[in-house]
Amino acid sequence: GFKTFAGVKRRMEVIGAPRDIVVVDDFGHHPTAIHLTLEGAKKRWPERRIWAFFEPRSATSRRNIFQSEFAEALGLADCVVVGSHARLEEVPVEERFSPDAVASLLEKEGKVAKAIPTVEGIVAFVAEHAQPNDVLMIFSNGDFGGLHQAILNALGGKGSAE
């Protein structure tokens, strides 16, 4: 069974590596899972720059209850992009997760961190800043508005295992 086991879908799943930029899909939507996955990524790709892209999509992640924990977990990455989600607005402002606050906190700690609300904006940022040997870890419990394929398309890849 071990010889044929291909891994678990959406858990550190490599979906492509165009131009030697590894694109990884992960179902991470809780700070503990993101923290552990980023630790694993740093072990798997120790000499590479690790990016973390996070979509606050789940009911819990759309609330600020774990906002500092998300910032701490995402801070394990070298570069962080915090996206948005249309359903954030369903949460009262005083309880709502703030992509801007998380990015700002990480920037104050010396990280490259941006809050970019649209898939198009994220893709443009990646196209401008991603380099060969980077690892792009995309965390969402959904499709992140098609971000995975949009990044692969922008980098010239179709989506295939590493």
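Is Glu55 buried or exposed? At 4% relative accessibility, Glu55 counts as buried (buried is under 20% relative accessible area, exposed over 50%, partly exposed in between, with a 1.4 Å probe and protein chains only).

1. Basis. This is a predicted model, in which local features need pLDDT of at least 70, side-chain atom pairs count only at pLDDT 80 or more, and totals for chains, interfaces and linings use all residues. Residues are numbered from 1 along each chain as its sequence is written, and side-chain values use heavy atoms, with hydrogens and water left out.

2. Salt bridges. Side chains of opposite charge can pair when their charged atoms come close. The structure has seven salt bridges (a side-chain nitrogen of Lys or Arg within 4 Å of a carboxyl oxygen of Asp or Glu).

3. Glu55 and Arg57. These side chains form a salt bridge at 3.8 Å, N to O. Arg57 is partly exposed, at 27% relative accessibility. A network of salt bridges links Glu55, Arg57 and Asp143.

4. Asp134 and Arg49. The closest N and O atoms of this salt bridge are 2.7 Å apart. The pair links distant parts of the chain, 85 residues apart: Asp134 lies in the loop between α4 (119-129) and β6 (135-139), and Arg49 in the loop between α1 (31-44) and β3 (50-54). Helices (H or I, at least four residues) and strands (E, at least two) are DSSP runs, numbered from the N terminus. Asp134 is buried at 3% relative accessibility, while Arg49 is partly exposed at 25%.

5. Glu90 and Arg87. Their side chains meet in a salt bridge of 3.2 Å, N to O. Glu90 is exposed, with a relative accessible area of 53%, and Arg87 is partly exposed at 38% relative accessibility.
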